Amino acid sequence: MSGYFPILRQRVRKRTFHSLFLFVTSRCNSLCRTCFYFDKLNSKDDLSFDQIRKISETAPPFEKLWLSGGEPFLRDELPEIVALFARNNRVANVNLPTNGLLRERIFRSIDRMLAAAPGVSIDLNFSLDGLANTHDAIRGVPNNFRRTLETIRETEKRYSNVRRLRRNVLTVITRENYNEIVELGLRLAGENLSGHYFEIVRGETPDAELKRLRRDDVAALHRRLMPFHRHYARKLFAHLPPGARQFATMYYLGNLRLHFDLHESCLEQPRKWPMPCTAGETTIVIDHNGRFRACEMRGIVGNLADFDFDIPKAMTSSAMRDEVDAIREANCWCTHSCFIQESSKFSPRVQLFTIPWAWLRQRWRKLPQMPLGDIERFRALETT
Ligand code: SF4
Ligand code: SF4
């Protein structure tokens with residue numbers, strides 16, 4: 001029975017501060033045409049370590065730290081920043097994206113991070129946005145795909161026995177790559193990753209053409225991507241006893257199907273989520289320079305420097321309260337998975353009905369949605 005309790009406990013929870021999104025640096029060595037932060041990159045006004053310490057010391061305990069940038073590994077004190085939040089705020093999980101280009105720097109940082117923050121689980125998310133030529137063209141770095149894949153393989157060699165370091169790939173779906181994402185998924189399914197996740201390109205990007213996606217195309221792609229999630233779910237929960245394994249798998253797949261549903265329904269027009277967005281209430285986003293907002297998609301609410309880098313003061317400020325009211329009144333919507341994930345955690349209705357229902361629907365739709373050739377190649381991979 002013990003395997004059920006953590007899963008059940010997470011289904012119904014009070015709306016309290018839960019996640020902090022921190023852009024640890026504006027420095028970046030990529031030129032992605034998908035980057036919503038493009039106009040702020042390499043701007044030489046990163047928060048100092050002491051300012052981040054103050055943020056950590058004033059913030060209440062919370063569960064999840066979403067790191068962002070820039071390329072986070074360009075921040076020298078990255079392990080010490082993670083250690084701060086582990087120690088002061090009892091953070092349980094860190095989400096860490098990377099372009100995977102700086103292999104040795106990544107390994108040095110991860111080694112220090114694992115030692116400095118024992119007990120914290122880390123989701124290391126490598127960006128791969130298509131097969132080699134497409135990926136390199138979207139991200140503006142020659143040989144980027146090859147270099148990132150080498151880093152992924154080396155990470156597997158070094159850390160395969162470190163269970164709390166999950167090695168994932170994140171793929172941003174755009175007009176230029178959606179035709180080859182199944183092929184990318186098939187190739188990566190042989191790489192012993194922990195997961196492969198898919199996000200729709202979002203925000204103001206340098207190349208607006210990449211955002212010209214049709215809902216029907218995205219929906220068709222999503223149906224072909226669900227088998228990859230099932231593949232990774234089997235590996236992720238293999239260590240659990242049978243009942244708890246099925247329960248965890250149901251929530252994992254139902255959750256991912258819900259994300260796909262909202263990506264599709266909110267792609268072309270405003271569409272209400274099945275739960276209120278909790279941005280600004282359970283989360284805060286802190287830019288590299290200390291400006292803060294409710295979420296990554298909306299405007300700046302204030303500057304932490306004006307609040308002495310004190311998180312409760314910023315969260316309870318009249319500007320943040322007005323922003324939360326505005327989000328509620330607007331029935332705000334978007335396709336941003338991080339906030340879909342955050343907000344769904346605080347909706348018992350979504351946890352107890354919408355997600356199990358989404359799981360059931362993806363089971364009924366099962367294999368017929370995957371072309372025969374893909375199914376055969378996928379089965380071959382599954383048995384190797
Ligand atoms: S998406 Fe990430 S890696 Fe790419 S330019 Fe923006 S910050 Fe850099
Ligand atoms: S729905 Fe999206 S854009 Fe609106 S507040 Fe939530 S995360 Fe931000």
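What follows is my question and one connected answer.
In what order do the nine strands of the open sheet lie, and which are the edge strands?

Reply: This is a predicted model, in which local features need pLDDT of at least 70 and side-chain atom pairs count only at pLDDT 80 or more, while totals for chains, interfaces and linings use all residues. Residues are numbered from 1 along each chain as its sequence is written, and chains are lettered from A and ligands numbered from 1 in the order in which they are written.

The setting comes first. The protein chain has 14 helices and nine strands; helices (H or I, at least four residues) and strands (E, at least two) are DSSP runs numbered from the N terminus. Because a compact globule of 384 residues would have a radius of gyration near 21 Å, the value of 20 Å for the protein chain agrees with that form. The radius is taken over C-alpha atoms, and the globule rule is 2.2 Å times the number of residues to the power 0.38. Along the principal axes, the C-alpha atoms fill a box of roughly 60 × 45 × 45 Å. Of the 384 residues, 41% count as buried, a class that requires 20 or more other C-beta atoms within 10 Å of the residue's own; exposed residues have 12 or fewer, partly exposed ones lie in between, and C-beta atoms are placed from the backbone. Two residues are in contact if their C-beta atoms lie within 7 Å. Among contacts between residues at least 6 apart in sequence, 81% join residues at least 24 apart.

The sheet itself is open, with mixed pairing and the order β6-β5-β4-β3-β2-β1-β7-β8-β9. Its edge strands are β6 (195-200) and β9 (302-303), each of which pairs on one side only. Two strands pair if DSSP finds at least two bridges between them. Strands of a sheet pair through backbone hydrogen bonds, either parallel or antiparallel.

Strand β1 (residues 19-23) runs parallel to β2 (residues 64-68), joined by five bridges, and Phe21 has Trp66 of β2 as its bridge partner. Strand β1 also runs parallel to β7, with four bridges between them; here Leu22 stands opposite Ile286. In turn, β7 pairs with β8 (residues 291-293) in an antiparallel manner, through two bridges, and Ile286 stands opposite Phe292. Strands β7 and β8 form a hairpin with four residues between them, where Gly290 in the turn has a positive phi of about 95°.

In soluble globular proteins, nonpolar side chains tend to be buried together. The largest nonpolar core has 62 residues, of which Leu22, Leu65, Val82, Val94, Ile284, Ile286 and Ala314 touch the most other members. Such a core is a set of buried Ala, Val, Leu, Ile, Met, Phe, Trp, Tyr and Cys residues joined through C-beta atoms within 7 Å. Leaving aside residues up to four places away in sequence, Ala314 touches Ile284, Phe292, Gly302, Leu304, Phe307 and Met320. Another core lies apart from the largest one; its 18 residues include Leu128, Phe145, Ile152 and Val182.

The loops that follow some of these strands also deserve attention. Most residues other than glycine have a negative phi, and most peptide bonds are trans. Between β2 and α3 (78-89), the loop contains Gly70, which is joined to Gly69 by a cis peptide bond with omega of about 25°.

Lys44, in the loop between β1 and α2 (49-58), has a positive phi of about 60° although it is not a glycine. Lys44 counts as exposed because it has 8 C-beta neighbours inside 10 Å. Arg90, in the loop between α3 and β3 (93-98), likewise has a positive phi, of about 55°, and counts as partly exposed because it has 13 such neighbours.
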